Amino acid sequence: MAHVDRISNLPDDLLHCILSLLDTQEVAQTCILSKRWQRLWADVDSLELVLPSFKTHSPNIERRFTKFIDELLSRRNNSDLREFRLFCEENFFNVSHRKITAWILYAIRHKAKVIEIDGCLYWSLPRDIFTSSSLEELYLYIPSLGKGVVAGKVNLPQLKKLHLNGIIMSGNPAILRNLLSGCPALEDLSLNVCTIDLHMVSSPQLKHLSIVSALDTARIESIKTPNLVSLCLKLSGDVLRAANLEKMPFLLNVIVSVTGGTSFDENCSILAAFPNVRSLELCGNIMKDLLRVELLKCPTYFNLTKLHLRDLCQFCHGDLVDGMLAHSPNLEKLQLCKTTRCCQREDD
């Protein structure tokens, strides 16, 4: 039976879907298969550039990686991009800042909807990235954003997801405000271990908010996100000491974790902000202090079916557990995960 190349006979759209499952280095290698594949790989709209995929023991790996991307971009056709992702390993590689900027500008000029920069020792993003009319998702795992945000020149009308990881943004409380005000369609915001002056988080259209930090760099004074659906606050120190969360009637899933702090101000308002919550997790060594401050004034959670109380001793804090149960008449699942007692009973 004569050999039939059934894969090459597939329509272009299906072949592009197959190529999208490969990393970009593998996609480029398909050009040796046939003349048709020489054209197909140049039409791929998703670029995933992974420096660690190059052999780490090879000499001049950064130069080889840079040359590969430059040639790749020069041979692509002029079609728009859907995704542009760049992954480095900052502990081992040091790619030129000038080159990274050129690649990001290429993605912006080709109207990339998704841009992700991960693990690069890259300190200043080009200002054009903050005025892209096509960008819908932005994932950054770099030390700093650059001057474009500080100057307040942010205009990202289509951006729906913004995930920032390990970014240093302290010293200017306007940075977060400039970001949020320049992203009118933003629905998903994640700040992971960022050194940032928070103070106020205000975004009327936001649906998902996650703030995870191991640094006590600032205090959250207010969160104004009335359309929020999910909230995750994993913080340390006194960041939430006097926080005032405005009511979020659509909020269904909540995680609040605070460790290492001292106490909560008697005027703080956290638990009252989500009256219709369905799943609630409260954890941290000072969560007992939050409950003592707010338990009497928090609403009855008629929709709450899952409650997770971590780090509460059932012997020393039984009144707090009972109080939460009294405010949760339709609870279906209760988790208590305290593994050690705060005190020893006499009969032990």
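**Helix 4 and helix 5**

I started with helix 4 (residues 61-75) and helix 5 (residues 97-109), whose axes come within 11 Å and cross at roughly 25°. Axes here are lines fitted to C-alpha atoms, for helices over the stretch in contact, with angles from 0 to 180 degrees between N-to-C directions. This is a predicted model, where local features need pLDDT of at least 70, side-chain atom pairs count only at pLDDT 80 or more, and totals for chains, interfaces and linings use all residues. Residues are numbered from 1 along each chain as its sequence is written, and side-chain values use heavy atoms, without hydrogens and water.

Helix 4 and helix 5 are therefore roughly parallel to each other (angles under 35 degrees count as roughly parallel, over 145 as roughly antiparallel, 65 to 115 as roughly perpendicular, the rest as oblique). I looked up who touches whom: F65, T66, I69, D70 and L73 of helix 4 and K99, W103 and Y106 of helix 5 make the contact (heavy atoms within 4.5 Å). I sorted the residues of this contact into five nonpolar, one polar and two charged.

**Helix 8 and helix 9**

Next I took helix 8 (residues 287-294) and helix 9 (residues 318-326), which pack at about 55° with axes 10 Å apart. Helix 8 and helix 9 are therefore oblique to each other. K288, L291 and R292 of helix 8 meet D319, L320 and M324 of helix 9. I get three nonpolar, no polar and three charged residues in the contact of helix 8 with helix 9.

**Largest pocket**

Last, I checked the largest pocket, which holds about 190 Å³ of space. A pocket is an open set of points on a 1 Å grid where a 1.4 Å probe fits, with protein on both sides within 12 Å along at least five of seven lines; lining residues have an atom within 4 Å of a point. I noted 18 lining residues, with L231, C232, N253, V254 and I255 nearest the centre of the pocket. By class, this lining has seven nonpolar, eight polar and three charged residues.

Key: Grid points are joined across faces, edges and corners, and a volume is the space filled by probe spheres set on the points. Ala, Val, Leu, Ile, Met, Phe, Trp, Tyr, Cys and Pro count as nonpolar, Asp, Glu, Lys and Arg as charged, and the others, Gly among them, as polar. Helices (H or I, at least four residues) and strands (E, at least two) are DSSP runs, numbered from the N terminus.
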